[in-house]
Amino acid sequence: MQEHIETMEDYKEELEASFRQMKEGDLVTATVIAVTEEEATLDLKYYAPGIIRAADLSDDPDYHILEELHPGDEIQATVIRMDDGEGNILLSKKEANQMLGWDILKTAMDNETILTVRVKETVNAGVIAYAEGLRGFIPASQLSLDYVEDTSSFVGKDLDVRVITADPQKEKLVLSAKSVLRERAEEERSHRISMLVPGTVVDGKVESLTNYGAFVNIGNGLTGLVHVSQICTRRIRKPSEVLKEGQDVRAKILNTDNGRIALSIRALEESPERSADEQDAQAVEYHSGEAATTSLGSLIAKLNLK
């Protein structure tokens, strides 16, 4: 076995560390090598290890060092003292969060990135959550698509949010869950609309009346418009002449162009649709083979033509 001959390459990291200069205020990247309830020890690739005390890790009052940090994790921290009295370099991740967190959050705001945060406490007119180790405020009006009266019900919940304000000078971080919920609700609505088939007959309830038509709730969170010209076969000036709010109606889907549902009640008067039971019965008859073998003579006989 050939004996390994040591070269300068074997001591590259040690040599770089010996020439490296570190001072208070520097932002460094280090690897966690040990974690206790009181502190984390880090490998700085330097002549002395780094130490971060638990209190210097995060502003989040619920931050648990043993849950959040593990040997092998790579983190960024700021040098706050070159000697802690025991030969270690004292570091602070909280200060690094202040330096880096705002840049990350400003970028997230510009890119409309979705972040997941956990609500920690309720305050006047909203709740508090932490993002990138920084304290953020979510107004009550931005917690849900609906009106929120009791914000305490959100404490402990994880929310997907977007950053709507990130001002490091004022240390102002504002988050919104509502924008994410609105976007997802719109995506879900668009999907449901895409599943509708023009020509289908639907049952609904009149939600509201305008001078130009009636809005009809057809279920599943969807509302369609029956234009005044599509309400009945006779000419009317306004929908309220024949319809009223809360009235049950049946209509045909005309189209779903541009994410809008166009309905027609008039179409059913002009060409009445068979009931769903009748359509199902025909489908059973067809698939059983009877319809496929019916002769032209039989069809004429069924029509009672003489």
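Student: Which strands does helix α3 (residues 93-111) lie across?

Tutor: Helix α3 lies across β1 (27-35), β3, β4 (74-81) and β5 (89-92). Against β4, the helix runs at about 110 degrees. As for the names, helices (H or I, at least four residues) and strands (E, at least two) are DSSP runs, numbered from the N terminus. The angle is taken between N-to-C directions, from 0 to 180 degrees, using axes that are lines fitted to C-alpha atoms, for helices over the stretch in contact. Contact, in turn, means heavy atoms within 4.5 Å.

Student: What should I know about the model before going on?

Tutor: It's a predicted model, and local features need pLDDT of at least 70, side-chain atom pairs count only at pLDDT 80 or more, while totals for chains, interfaces and linings use all residues. Residues are numbered from 1 along each chain as its sequence is written, and side-chain values use heavy atoms, with hydrogens and water left out.

Student: In what order do the five strands with β1 close into a barrel?

Tutor: Start with pairing: two strands pair if DSSP finds at least two bridges between them. Here the order is β1-β2-β3-β5-β4, and the pairing is mixed. On average, neighbouring strands of this sheet are turned by 55 degrees against each other, direction ignored.

Student: How many bridges join β1 to β4, and how many pair β1 with β2?

Tutor: β1 and β4 run antiparallel and are joined by five bridges; Leu27 stands opposite Thr78 in β4. Between β1 and β2 there are four bridges, again antiparallel, and Val35 faces Ala40 in β2. Those two strands form a hairpin, with three residues between them. Moving along, β2 (residues 39-43) pairs with β3 (residues 50-53) in the antiparallel sense over four bridges, and there Leu42 stands opposite Gly50.

Student: What is the strand order in the barrel with β11?

Tutor: Five strands close in the order β11-β12-β13-β15-β14, with mixed pairing. The twist from one strand to the next averages 55 degrees. Look at β13 (residues 222-227) and β15 (residues 262-264): they pair in the parallel sense over two bridges.

Student: How many aromatic pairs does a search of the whole structure find?

Tutor: Rings of Phe, Tyr and Trp (its six-membered ring) pair if their centres lie within 6.5 Å; planes under 30 degrees apart count as stacked, over 60 as edge-to-face and the rest as tilted. The search finds two pairs. Tyr46 and Tyr47 make a tilted one, 4.5 Å centre to centre with 40 degrees between the planes. Tyr212 and Phe215 make an edge-to-face one, at 6.3 Å and 85 degrees.

Student: Is Tyr46 buried or exposed?

Tutor: Buried means under 20% relative accessible area, exposed over 50%, partly exposed in between (1.4 Å probe, protein chains only). Tyr46 has 15%, so it counts as buried, whereas Tyr47 is exposed at 61%. In the other pair, Tyr212 is partly exposed at 44%, and Phe215 is partly exposed at 25%.

Student: Where does the charged end of Lys157 sit?

Tutor: A charge sits over a ring if NZ of Lys or CZ of Arg is within 6 Å of the ring centre and within 35 degrees of the ring normal. In this model, Lys157 has its charged end over the ring of Phe154, 5.3 Å from the centre.
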